Amino acid sequence: MKNSPAQSATSLPRAPRDDAHSRMTKYFTMMAIRVACFVLMVVVQPYSWYTWLFAVGAIFLPYVAVVIANVTAAPAERAVPPERALTAPPAGGADPGAAPTASGVIRLRESTPQPPADQDGAR
């Protein structure tokens, strides 16, 4: 069995059902425009230059609709795997009590509390 790294949710392609639905919606919309062009070509009087415009729409829209409907969604860009997204800390080891770095990381150093000085011996 082939070991493949886990996919990130951002690198998965669009669901085939959603892609097909989107393409069918585009196709049916363009076919509705074609039917409207055909009806307007016959109904609108007097015949003029726009009659030819409706005829061109009725003739060429099926070809355009099929071409557009066959274009699938572009694949998602490959995401950076989560284990490679973070940079490694410097090898030398930074001083834990140092001021915040430019990246905005604040590091705190805890120390053990010192016992209070003897009040009687201090006088």
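Visitor: Are α1 and α2 roughly parallel or antiparallel to each other?

Guide: Angles under 35 degrees count as roughly parallel, over 145 as roughly antiparallel, 65 to 115 as roughly perpendicular and the rest as oblique. Here α1 and α2 are therefore roughly antiparallel. Helix α1 covers residues 16-43 and helix α2 residues 49-69, packed at about 165 degrees with axes 8 Å apart. Axes are fitted to C-alpha atoms over the stretch in contact, with angles from 0 to 180 degrees between N-to-C directions; helices are DSSP runs (H or I, at least four residues) numbered from the N terminus. This is a predicted model, in which local features need pLDDT of at least 70, side-chain atom pairs count only at pLDDT 80 or more, and totals for chains, interfaces and linings use all residues. Residues are numbered from 1 along each chain as its sequence is written, and side-chain values use heavy atoms, without hydrogens and water.

Visitor: Which residues of α1 meet α2?

Guide: Contact means heavy atoms within 4.5 Å. On α1, the contributors include Tyr-27, Met-30, Ile-33, Cys-37 and Phe-38, while those on α2 include Phe-54, Leu-61, Val-64 and Ile-68. The residues of this contact comprise 18 nonpolar, two polar and three charged (Ala, Val, Leu, Ile, Met, Phe, Trp, Tyr, Cys and Pro count as nonpolar, Asp, Glu, Lys and Arg as charged, the others, Gly among them, as polar).

Visitor: Which residues are buried in α1?

Guide: Buried means under 20% relative accessible area, exposed over 50%, and partly exposed in between, using a 1.4 Å probe and protein chains only. Asp-19, Ser-22, Met-30, Met-31 and Cys-37 are buried in α1, and the buried residues of α1 pack against α2. Val-56 lies in helix α2; its 44% relative accessibility makes Val-56 partly exposed.

Methods. Helix = DSSP H or I, 4+ residues; strand = E, 2+ residues; numbered from the N terminus.
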